[in-house]
Amino acid sequence: MAIIQFPKDMKWGTATASYQIEGAANEGGRGPSIWDTFSKTPGKVMNGDNGDIACDSYHRYEEDISLMKELGITTYRFSVAWPRVLPNGTGEVNQEGLDFYHRFIDKLLENNIEPMCTLYHWDLPQALQDIGGWNNRETIDAFVEYAELMFNEFNEKIKCWITINEPWCASFLSNYIGNHAPGLQDLQLATNVAHHLLVAHGKAVKKYREIGVEDGQIGYAPNVEWNEPYSDKQEDIEACYRANGWFIEWFMDPVFKSAYPEKLVKWFEETEGVTVPILEGDMETISEKIDFLGINYYTGSVSRFNKDGGLFQHERVDQGYQKTDIGWNIYPEGFYHVLKYIKDSYGNIPIYITENGSCYNEEPESNGRVKDAGRVNYLKQHLTALNRAMSAGVNIKGYLTWSLLDNFEWAEGYTMRFGIVYVNYRTLERVRKDSFYWYKQIIDNNFFEV
Ligand SMILES: CCOCCOc1ccc(-c2cn(C[C@@H]3NC[C@@H](O)[C@H]3O)nn2)cc1
């Protein structure tokens with residue numbers, strides 16, 4: 001047996017997002033977002049599910065916070081619904097929306113739980129999508145107006161800010177692959193969106209610095225996956241570089257090196273005729289220094305070159321890895337490799353694991369117990385890989401599992417469950433899963449045995 005020990009000051013938490021848990025979509029002055037529109041468009045979301053009610057955390061946040069308190073977490077990552085505070089994206093402020101977040105954050109602080117606030121977790125006000133959304137640089141200015149409002153309103157209470165969650169999902173998954181809102185399929189448009197998200201991130205960081213908060217910190221949370229080359233063949237190594245780079249270099253080189261990765265820019269230009277719409281000063285803005293990096297990791301694979309393998313001429317090679325119920329490989333080695341790669345590529349900036357978790361869809365048994373052994377095992381394997389990365393010098397400050405609650409899993413609707421707490425979507429009752437109790441033990445002891 002080996003002891004997996006974490007540092008005394010390790011921050012433990014859970015993560016959620018506004019559209020996925022709040023509900024009250026047409027309450028409290030909230031305006032519509034692109035996910036309200038997308039989820040109500042036939043065929044876009046499994047079973048026609050939407051976030052109108054979700055986990056009803058808008059009304060049940062006190063119960064959620066008592067679960068967090070019982071769990072013993074010190075940090076809770078949530079996101080603000082932009083259209084709840086600015087129903088039209090800019091201009092008129094919805095005081096009821098601000099009041100809700102004050103009540104919620106005050107309750108967190110009362111319970112000694114540090115709020116980690118994501119400003120943008122994909123619920124763009126529909127009014128901004130109506131003028132082109134992130135493809136229109138005016139949305140960058142709207143985001144800065146929203147960020148400034150939030151910084152000034154909550155700076156005394158929130159000391160840890162995340163600008164953009166998973167820019168790859170908000171740009172390429174949403175505007176090229178088309179699985180997420182607004183469901184477009186145009187690589188040039190998606191590349192514009194990715195760039196404007198990065199500029200918006202940089203401008204928000206600049207605004208945060210201007211406002212000046214001594215004890216605050218700001219970062220962003222890209223999602224990464226790991227493609228391990230199937231062989232030492234150059235073509236396999238390069239194919240994996242491209243596949244990894246779409247998530248890593250594309251969203252980290254601009255922030256940490258003030259330039260896009262040349263090899264990938266050339267690849268987009270030569271194979272797809274796509275270019276990045278960089279204006280004078282953009283790269284300097286994007287690379288405004290951040291205090292920490294949030295990393296979201298779920299899965300990876302062994303991959304290799306395949307000329308007919310789509311955008312990056314790569315393909316995943318099935319190695320018989322076990323998969324979670326959403327069909328993603330369980331690949332903890334990839335977690336270690338990607339963290340080591342980030343450290344070696346971008347220096348040792350403090351990193352929070354802002355999302356890591358697994359999908360298992362067990363229902364409560366007759367005695368009320370939810371036996372999610374797969375999720376406990378996934379946590380064990382990935383925390384072991386995280387510990388290995390920390391031993392290799394990766395500057396990990398905290399780990400927040402996705403997610404506290406089962407919730408609206410985007411295009412999968414409510415069919416896919418990532419929570420350590422089961423949610424009965426009919427009664428909205430919360431039921432602690434076995435993984436809740438296992439994770440509580442880790443938080444209490446700061447170690448576990450494998
Ligand atoms: C190449 C083609 O691929 C088609 C599907 O491609 C993806 C990729 C990635 C995801 C994905 C979903 N999640 C979990 C969320 N992270 C944020 C939080 O809101 C969680 O709900 N992370 N990544 C989905 C679909």
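The model is predicted, and the values below are computed from it. The ligand takes up the space of the largest pocket, and 15 residues stand around the ligand, with Q20, H121, E355, E409 and W410 coming nearest.

**The ligand and its shell**

- On its own the ligand has 580 Å² of accessible area, of which the protein covers 76%.
- A nitrogen atom of the ligand is 3.0 Å from an N or O atom in the side chain of E166.
- Sorted by class, the shell around the ligand holds eight nonpolar, four polar and three charged residues.

**The largest pocket**

- The largest pocket, whose space is taken by the ligand, contains about 930 Å³ of space.
- Of the 41 residues that line the largest pocket, W168, L173, E225, R316 and W328 are the closest to its centre.
- At least two residues of this pocket's lining come from each of α8, β7 (223-229), α10 (234-247), β8 (292-305) and β9 (314-316), and β8 gives the most, with five residues.
- The lining of the largest pocket is made up of 18 nonpolar, 16 polar and seven charged residues.

**The cavities**

- The count comes to three cavities of 30 Å³ or more, and the largest cavity has a volume of about 110 Å³.
- The largest cavity is lined by 15 residues, of which I21, E22, F78, F100 and F104 are the closest to its centre.
- The elements α1 (18-21), α3 (57-71), β3 (75-79) and α5 (95-110) each supply at least two residues of the lining of the largest cavity, and α3 gives the most to that lining, with four residues.
- By class, the lining of the largest cavity has nine nonpolar, four polar and two charged residues.
- The second largest cavity has a volume of about 50 Å³, and the residues that line it include S18, Y19, E22, R30, R84 and D123.
- The lining of the second largest cavity divides into three nonpolar, three polar and four charged residues.

Methods:
Residues are numbered from 1 along each chain as its sequence is written. This is a predicted model: local features need pLDDT of at least 70, side-chain atom pairs count only at pLDDT 80 or more; totals for chains, interfaces and linings use all residues. Side-chain values use heavy atoms; hydrogens and water are left out. A residue is near a molecule or strand if one of its heavy atoms lies within 4 Å of it. A polar contact is a pair of N or O atoms within 3.5 Å; within protein, one must be able to donate a hydrogen and the other to accept it, and residues adjacent in sequence count only if both atoms are side-chain atoms. Accessible areas come from the Shrake-Rupley method with a 1.4 Å probe; for residues, only the protein chains shown count as cover. On a 1 Å grid over the protein atoms alone, a cavity is a set of points where a 1.4 Å probe fits but cannot get out, and a pocket is an open set with protein on both sides within 12 Å along at least five of seven lines; lining residues have an atom within 4 Å of a point. A molecule sits in a cavity or pocket if more than half of its atoms lie within 2 Å of its grid points. Ala, Val, Leu, Ile, Met, Phe, Trp, Tyr, Cys and Pro count as nonpolar, Asp, Glu, Lys and Arg as charged, and the others, Gly among them, as polar. Grid points are joined across faces, edges and corners, and a volume is the space filled by probe spheres set on the points.
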